[in-house]
Amino acid sequence: MKDNSVTARIKKAMVERGVKNAHLAKAVGVTPQAVGGWFKKNNISQPSIIKCANYLNVSLDWLMNGDKSSNVVELNKNRVAEPSAEYMGMIEPWDSSTPLNEDDVEVPFYMEVELSAGSGLEVQLETAGPKLRFSRSTLKRQGVDVANAACVRVSGNSMEPVIPDGAAVGIDTSRTNVKDGDMYAIDWSGALFVKILTRRPGGGLRIKSFNHEEYPEEILDAEEAKNIRVIGRVFWYSVLL
């Protein structure tokens with residue numbers, strides 16, 4: 001297992017927190033043997049990486065890219081993790097004629113507002129289209145109040161392979177304070193983006209994409225960062241909508 005691999009960073013975080021294979025397997029929803037296979041073959045799926053980041057309380061950016069500025073491994077190993085954006089599989093559009101289950105809630109899906117994962121799109125009129133169905137327990141696990149939740153579509157390839165073009169993301173509009181290494185929906189001088197944010201000394205901001213080869217990171221000073229309005233933290237995404 002290479003020291004600079006995703007699986008090596010997962011192992012490092014596990015050691016720091018005293019997490020065993022069985023613990024991580026239960027949290028991610030796989031067998032302990034599957035976890036062992038990650039380290040043996042140095043191979044792990046994207047959804048499992050995101051769940052590992054969530055459970056181990058490390059930045060997804062650090063886990064994917066080894067970015068030291070986003071590494072939170074040094075935190076107390078007993079700290080309860082605050083969820084990162086999580087892949088939750090397929091969700092179901094529905095209309096007013098579809099009955100809700102007891103645990104279901106409605107989250108608006110804004111069809112005319114797209115968050116660019118590329119060069120940016122101008123802000124359009126926010127008109128809600130169909131609603132998406134989430135369970136209350138899912139939102140609670142993510143620490144999201146349904147009143148603050150909204151879903152929009154992503155366009156562009158700057159966040160691939162994690163969030164591809166056409167994916168839908170869930171945004172918690174109450175989370176506007178930047179936690180280093182997390183993904184946020186931002187309004188940048190009238191254009192909408194979903195990006196990884198890290199605070200800089202003096203009030204600056206570092207903006208990153210997963211597809212860093214085509215979209216190099218941008219460093220904003222405090223004055224330039226005033227053009228950034230954080231809309232909310234990305235808590236969920238789906239590529240199966």
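Let's start with a cysteine: Cys52 is buried, at 0% relative accessibility (buried means under 20% relative accessible area, exposed over 50%, partly exposed in between, with a 1.4 Å probe and protein chains only). Cys151 is buried too, and its relative accessible area is also 0%. Disulfides come to 0 in the structure (a disulfide being a pair of cysteine sulfur atoms within 2.5 Å).

A quick word on the ground rules. This is a predicted model, where local features need pLDDT of at least 70 and side-chain atom pairs count only at pLDDT 80 or more, while totals for chains, interfaces and linings use all residues. Residues are numbered from 1 along each chain as its sequence is written, and side-chain values use heavy atoms, with hydrogens and water left out.

- Strand E12 covers residues 228-238 (strands, E, are DSSP runs of at least two residues and helices, H or I, of at least four, numbered from the N terminus).
- Of the 11 residues of E12, 10 are buried, so the rest of the structure largely encloses this strand.
- Strand E7 (residues 168-172) runs antiparallel to E12, with 5 bridges joining them (two strands pair if DSSP finds at least two bridges between them).
- Within that pairing, Ala168 sits opposite Ser238 of E12.
- Strand E8 (residues 182-188) also pairs with E12 in the antiparallel sense, over 5 bridges.
- Here Asp187 stands opposite Arg229 of E12, and Tyr184 has Arg233 of E12 across from it.

- What about E8 itself: how many of its residues are buried? The count is 7 of 7, and the strand is mostly covered.
- Asp182, Tyr184, Ile186 and Trp188 point one way from E8, while Met183, Ala185 and Asp187 point the other way, and all are buried.
- E8 is joined to strand E9 (residues 191-200) by 7 bridges, and these two run antiparallel.
- The bridge partner of Asp182 in E9 is Leu197.
- E8 and E9 make a hairpin with 2 residues between them, and Ser189 in the turn has a positive phi of about 55°.

**Aromatic rings**

- Two numbers do the describing here: a pair of aromatic rings is given by the distance of the centres and the angle of the planes.
- There are 3 aromatic pairs (rings of Phe, Tyr and Trp, for Trp its six-membered ring, pair if their centres lie within 6.5 Å; planes under 30 degrees apart count as stacked, over 60 as edge-to-face and the rest as tilted).
- Why is the pair of Phe134 and Phe235 called tilted? Their ring centres are 6.3 Å apart and the planes are at 55°, so the pair is tilted.
- This pair links distant parts of the chain, with Phe134 in strand E5 (residues 128-135) and Phe235 in strand E12, 101 residues apart.
- Phe134 is buried, with a relative accessible area of 4%, and Phe235 is buried at 0% relative accessibility.
- Ring pairs also bring in Trp236, making a cluster of Phe134, Phe235 and Trp236.

**Salt bridges**

- As background, side chains of opposite charge can pair when their charged atoms come close.
- The whole structure has 8 salt bridges (a side-chain nitrogen of Lys or Arg within 4 Å of a carboxyl oxygen of Asp or Glu).
- One of them joins the side chains of Asp61 and Lys208, at 3.5 Å from N to O.
- That pair links distant parts of the chain: Asp61 is in helix H5 (residues 60-65) and Lys208 is in strand E10 (residues 204-208), 147 residues apart.
- Asp61 is buried at 0% relative accessibility, and Lys208 is buried with a relative accessible area of 9%.
- Arg175 and Asp172 form a salt bridge, their closest N and O atoms being 3.8 Å apart.
- Is Arg175 buried or partly exposed? Arg175 is partly exposed, with a relative accessible area of 24%, whereas Asp172 is buried at 2%.
- Asp182 and Arg233 form a salt bridge as well, with the closest N and O atoms 2.9 Å apart.
- Asp182 lies in strand E8 and Arg233 in strand E12, so this pair ties together parts that are 51 residues apart in sequence.
- Both ends are buried: Asp182 has a relative accessible area of 6%, and Arg233 is at 2% relative accessibility.
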